Amino acid sequence: MQVSVNSVPFRAPCEWYLAERFGPQNDIMREFGISNRQVVIVIEKEFTFLENILARVLKAPRYLKRPLDKLNSALWELMDASRTFGEIVTIMEDCYSEDIVPANERCSLSLSRMVELNLVVINPSLAKEHPV
């Protein structure tokens, strides 16, 4: 999935929290609101009737915790519907330099995966009307 630099991705409503720190927060991260902490997304499992019975018998957890790595955690925090995808890529390049290269492709791939999991929405009606 190719993401337009003018599109505005935002997090879908779901439960998530910040866990342990990856390391010290630098000035660039602080400026853009990146906490440098691990994001953990909590997803409630949806069972069929039979799966629900098995889950009770086996005492399976009702929630799936999906911890994100350092770069995906930062990407998650930046997707607050206030920035275009192009701006997010630029911020990621500024914060993580060589760790994220090629930033556009890596961010696009991560964003596409999050869209597939229904964790992120890209609404074309929110696209900002300015050149990048």
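Predicted model: local features only at pLDDT ≥ 70, side-chain atom pairs only at ≥ 80, totals over all residues.
Two packed helices are described by the angle between their axes and the distance between the axes. In this model, helix α3 spans residues 70-78 and helix α4 spans residues 85-96. The two helices pack at an angle of about 140°, and their axes lie 11 Å apart. This angle makes α3 oblique to α4, since angles over 145 degrees would be needed to count as roughly antiparallel. The crossing of α3 and α4 is right-handed. On the α3 side, the contact is made by K70, L71, A74, L75 and L78. These residues meet I88, I91, M92 and Y96 of α4. Of the residues in this contact, eight are nonpolar, one is charged and none is polar.

The largest nonpolar core of the model contains 26 residues. Within this core, the residues with the most contacts are I34, W76, M79, M92, Y96 and M114. The greatest contribution is that of α4, with seven residues.

Two residues of α4, M92 and Y96, take part in the contact with α3 and are also listed among the core residues with the most contacts. For Y96, neighbours within four places in sequence were set aside, and the remaining contacts are M29, I34, N36, K70, L71 and A74. Among these partners, K70, L71 and A74 belong to the α3 side of the helix contact, while I34 is another of the core residues with the most contacts.

The loop between α4 and α5 holds P102. The peptide bond leading from V101 to P102 is cis, with omega near -10°.

The loop between α3 and α4 contains A81. Phi of A81 is near 70°, a positive value in a residue that is not glycine. The relative accessibility of A81 is 36%, so this residue counts as partly exposed.

A positive phi is also found at N118, where the value is about 60° although the residue is not a glycine. N118 lies in the loop between α5 and β5 (120-122). With a relative accessibility of 63%, N118 counts as exposed, because the cut-off for that class is over 50%.

Notes: Residues numbered from 1 in each chain as written. Heavy atoms only, no water. Axes fitted to C-alpha atoms, helices over the stretch in contact; angles between N-to-C directions. Helix = DSSP H or I, 4+ residues; strand = E, 2+ residues; numbered from the N terminus. Parallel < 35°, antiparallel > 145°, perpendicular 65-115°, else oblique. Left-handed = near helix turned anticlockwise from the far one by under 90°. Contact = heavy atoms within 4.5 Å. Nonpolar A, V, L, I, M, F, W, Y, C, P; charged D, E, K, R; others polar. Core = buried A, V, L, I, M, F, W, Y, C linked by side-chain atoms within 4.5 Å. Buried < 20%, exposed > 50% of the residue type's maximum accessible area, 1.4 Å probe, protein only.
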